[in-house]
Protein chains: 2
Amino acid sequence: MVLRLSTLFLRTLREDPVDAEVASHKLLVRAGYIRRAAPGIYTWLPLGLRVLAKVEAIVREEMNAIGAQEVHFPALLPREPYEATGRWTEYGEGLFRLKDRKDADYLLAPTHEEMFTLLVKDLYSSYKDLPVTLYQIQNKYRDEARPRAGLLRGREFIMKDSYSFDVDDAGLEASYQAHRAAYLRIFSRLGLEIVPVYATAGAMGGSKSEEFLHPTEVGEDTFVRSAGGYAANVEAVTTVVPAEIDYAGAPAFEVKDTPDTPTIDSLVACANAIAPRADREWTAADTLKNVVLAVTLPTGERQLVVVGVPGDRAVDLKRIEANIGAHLAAAGELGVEAATDEDIKKVPALVKGYIGPALGLDAATLGAESSSGIPFLVDPRVVAGTTWITGANEHGKHVFGLVAGRDFAWDGTIEAVEVRAGDEAPDGSGPLETARGIEMGHIFQLGRKYAEALDLKVLDQNGKLVTVTMGSYGVGVTRAVAALAESNHDDRGLVWPRNVAPADVHLMVTGKGEELFAEAERIAAGLEARGLEVIFDDRPKVSAGVKFGDAELIGVPTIAVVGRGLAEGLVEVKDRATGTAENVAVADVVETLVARARGWDLPRP
Amino acid sequence: MVLRLSTLFLRTLREDPVDAEVASHKLLVRAGYIRRAAPGIYTWLPLGLRVLAKVEAIVREEMNAIGAQEVHFPALLPREPYEATGRWTEYGEGLFRLKDRKDADYLLAPTHEEMFTLLVKDLYSSYKDLPVTLYQIQNKYRDEARPRAGLLRGREFIMKDSYSFDVDDAGLEASYQAHRAAYLRIFSRLGLEIVPVYATAGAMGGSKSEEFLHPTEVGEDTFVRSAGGYAANVEAVTTVVPAEIDYAGAPAFEVKDTPDTPTIDSLVACANAIAPRADREWTAADTLKNVVLAVTLPTGERQLVVVGVPGDRAVDLKRIEANIGAHLAAAGELGVEAATDEDIKKVPALVKGYIGPALGLDAATLGAESSSGIPFLVDPRVVAGTTWITGANEHGKHVFGLVAGRDFAWDGTIEAVEVRAGDEAPDGSGPLETARGIEMGHIFQLGRKYAEALDLKVLDQNGKLVTVTMGSYGVGVTRAVAALAESNHDDRGLVWPRNVAPADVHLMVTGKGEELFAEAERIAAGLEARGLEVIFDDRPKVSAGVKFGDAELIGVPTIAVVGRGLAEGLVEVKDRATGTAENVAVADVVETLVARARGWDLPRP
């Protein structure tokens, strides 16, 4: 295959597009791979479509290799199935909704759990039909509030989404692990560095879940990892729980007047003034900060919760959001925000600025009146025997030397505070560092949520109806193109990994002699005959400088130049990534380029 | 590639789907190729997706072969470009419209002329950049009033649409002819009988246009053809104009009282009563019927037109609609309907039931008052010297012996009446017969309509800005799958042509011996090694009858049966289309099947 630049539909641009902030967006537009049609909506030009097709082919091969079967659903779908699972409303403004000429409600699907569930229900009825895994590579739609970074967060984009159907948990685990392995192979073949991180299931429901993040500064997701190999997104990190402390000799707690200390800083200053320690100063870590939160339940109801955390840690609402469901026995998306003054005023037991746990082990709820009924959760660092300065539930008063498990109890523990660089990894693999990444894939054990909502049951071996258990697995296909561009470029342009490059060789003629063009044509034909894909810059009146600039911008791995050297029978072969150039005898140039394209020149592992 | 029926996601159905009327719809659902998701919206199951991919590959190869370059546009598009060409409103209820979260208007594109025009405008600026032809294979959306016949008329469907851009008419003609030839090759390779018919451009604007119809009874398009090779859709047929008649000796016309003759039948009866002919009876063909039509202009204005046609021919509003534009100097879609009584009452010159041409050659308009300003068009059969009985523009009176060109004139001729079987083909190739077909492709010379609306100009050789001329070309890809199914089935199921079949061989085991399964596995592996695609019915507990039924329903070209014959070393090889079976020695069966799949067993042309 030879793409001639004299006819290829391509116009490289010198200027960055005005709306572009990240390198992949700038370069994919400038090098003529994509073109914006509307905010977050892109057209694929010939070079871009070639890269996209190669990414799709790799994804398809690896999905087929684990026995997943390809189907293709519509993008335009009726409301009813999404109504049945609640997602018609749960998706909020992120869903593109429309009506047809008969005023029936439709949506542009953001993901297809409902339709796959219904399809399997429609055709299958027995445990003998399972397991089955189905997938599609298909257009998805999300009306992002802030489409950004070109293909990284678009409103129309391509995903590979697959769904596994099993009769039992062991089957789901096997399907999940098969996908996990396939995803690692996919990203490895794409040449895309990936960190699989533990994740929470979020709005998808379900239990076990991992994200496949591509580490890059421009990523929107923050995650943590240790040198020893632990990695998780911030919502999913679990705190290393300290050992309980023997409090046998601990003195009794004391309530002290601490006027004008509604903040942790003012409290610490006051504590050092009125009750100085001999060994060191009090710090924020010695205080227990009790934060009142308002959780919006799927019913729309507003539920207050108090969370007690060490005073030196900021509360992380996203981490709470990801973990609060279990404590409230509420499924679906929960909104968590700081309670307002009005919320707090409604509960007499809550004294703003001086909130503390209820004193005494019998009262497993907050405040002077345990009847307030507000759940009291604590950070996992609050273990029995830890001693705290905290609010006394009276204006202007705090309690000193309050011992957890001796003087107060709690309803449960929750991951509620920020994760910091230097925190220990939960698996003991060392201190965590934080990093940013792009979510390239996500695998979920959905469990029975969708099967229950849509009544997908099969007969088991004993003739009993059992609810099917499902997994859901996604790869961002168009996003992968952007991530590849983001992590494979230099200041002159793109530098594609071989497996996804739009061509194997970028062949050009520099100079004007007819013999140069004739020789380049022979080389192009030779490469094509050997099955290579060639971009051939055959433009007769374009300067060598412009041709080099275009070649470096487009980013094909190997550049071959038929120019001055031809007089001595030499063609220059240059590596786009390293810039290394060598002169190759004309007679050998096709074989040299074939060897490079096939990786034969690489050191054996 | 071996698809095992023990694991393939497939459930064949005995019952036709309740909403299915045509064979392709019934069989594609029953054989597990597609599944309905909503009215006119289908899911592609694994077998269907395989056929679809093969159709797409053939289309892609032939488009690439004429130098067309593949791109891919979004389906979700902003309103503005479609507003600029007027199609945002012209499409009426057929367009899916929606709003994003910022209340901006979007549409699901029914076709992409605007976007391709803008893309070329965006990137290209010189005659040196042209010609260029771009195409995509992409989801289209049309909110059909009556989605029907499964994939034949869907609301989400796949089209290949391409667009050519040339600097001049000769270039457009070359691009058009290249597409025409490519389309004939595509349909030939698909194994789909095609009749290219002359068509009118309709709402697309432009001049020259041909449809590629697949003749079948279930088609929605009526077309005509002659034994001599002429073919046109009904809107585009031109009438054979009779020779003018020398009217030197014709008697003068006479106005006669014809009370109660508002219809042609009553007029003919009256004429035979009051003015009988010696040689024969008067018939409807002797009368000139003057029909008042109301044309809705793109401006919304309602324009009356009178059309004079032989009384034995019914007016065909669609043919008038396709041809009226030229007479009114109006572009875009024109609605034509019969004028209402209210319309007619507003013009005193129009005497309902007794309308005739203005008498006298000077009055090139209708009615007693030429100032009525209503255009008077006639059927092409109304040539100088033809003699008519027609309305006298007075209640209860007709005029007899009125000679065209002597006694009345007209503003123009128009194709206004039904085409009948037996009418002569315009190219003299014999009488026409009518037939029905499915529109599989359509090619248009758009000309400069879109380029003008969206200001697509390039600099020509003299440095002058010239407007680009465009062609637009479509192939219904999902529709092709349906048409293939429609024309390749029998009462037992589908009978796919080799080039698009989901597999080359349907291999099955009948019986229970382990050696049967072992041998079938060896054959499957042998076929796979030779690059064949195999559906392998390896289900252990399914009866031979059910297996045969499924094989015939699914419709792969060759069925191979490992069963009783194996004891004598024989495998049955059966042709799905003809039912012919032969026993082949086990040792030869792979080579026999390879030869069939590659067509080596066919007679050489």
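Modeller: One term before we start: the domain bounds used here come from an automatic or database domain assignment. Also, this is a predicted model.

Biologist: Fine. Which domains is chain A divided into?

Modeller: Domain 1 covers 18-237 + 433-486, domain 2 covers 254-413, and domain 3 covers 503-598.

Biologist: How far apart do the C-alpha centres of domain 1 and domain 3 of chain A lie?

Modeller: Those centres of domain 1 and domain 3 of chain A are 40 Å apart. In the contact, domain 1 of chain A takes part with seven residues and domain 3 of chain A with five residues.

Biologist: And what area do domain 1 and domain 3 of chain A bury between them?

Modeller: About 500 Å², with 54% of it on carbon and sulfur atoms.

Biologist: How many salt bridges across that interface of domain 1 and domain 3 of chain A?

Modeller: Two salt bridges. In one salt bridge, the side chains of A:K54 and A:E533 meet at 2.4 Å, N to O. There are also three residue pairs in polar contact between domain 1 and domain 3 of chain A, both residues at pLDDT 80 or more.

Biologist: Which helix of chain A gives the largest share of the domain 1 side there?

Modeller: Helix 1 (23-30) and helix 2 (46-65) of chain A each supply at least two residues to the side of domain 1 that touches domain 3. The largest share is from helix 2 of chain A, with three residues. By class, that side of domain 1 has four nonpolar, no polar and three charged residues.

Biologist: Switching to the chains. How many residues of chain B are in contact with chain A?

Modeller: 52 residues of chain B, against 52 residues of chain A. The area buried between chain B and chain A is about 4700 Å², and carbon and sulfur atoms give 59% of it.

Biologist: Which residues in chain B lose the most area to chain A?

Modeller: B:F9, B:R101 and B:L123. Together they make up 18% of what the chain B side buries.

Biologist: What's the salt bridge count between chain B and chain A?

Modeller: Eight salt bridges. B:E93 forms a salt bridge with A:R101, and their closest N and O atoms are 3.2 Å apart. For polar contact, the rule finds 26 residue pairs across the interface of chain B and chain A, both residues at pLDDT 80 or more.

Biologist: Which helix of chain B gives the most to the side that touches chain A?

Modeller: Helix 5 (residues 113-123) of chain B, with five residues. The residues of that side of chain B divide into 32 nonpolar, five polar and 15 charged.

Definitions and conventions: Residues are numbered from 1 along each chain as its sequence is written. Chains are lettered from A and ligands numbered from 1 in the order in which they are written. This is a predicted model: local features need pLDDT of at least 70, side-chain atom pairs count only at pLDDT 80 or more; totals for chains, interfaces and linings use all residues. Side-chain values use heavy atoms; hydrogens and water are left out. Contact means heavy atoms within 4.5 Å. Buried area is the accessible area (1.4 Å probe) that two parts lose on being put together, summed over both. A salt bridge is a side-chain nitrogen of Lys or Arg within 4 Å of a carboxyl oxygen of Asp or Glu. A polar contact is a pair of N or O atoms within 3.5 Å; within protein, one must be able to donate a hydrogen and the other to accept it, and residues adjacent in sequence count only if both atoms are side-chain atoms. Helices (H or I, at least four residues) and strands (E, at least two) are DSSP runs, numbered from the N terminus. Ala, Val, Leu, Ile, Met, Phe, Trp, Tyr, Cys and Pro count as nonpolar, Asp, Glu, Lys and Arg as charged, and the others, Gly among them, as polar.
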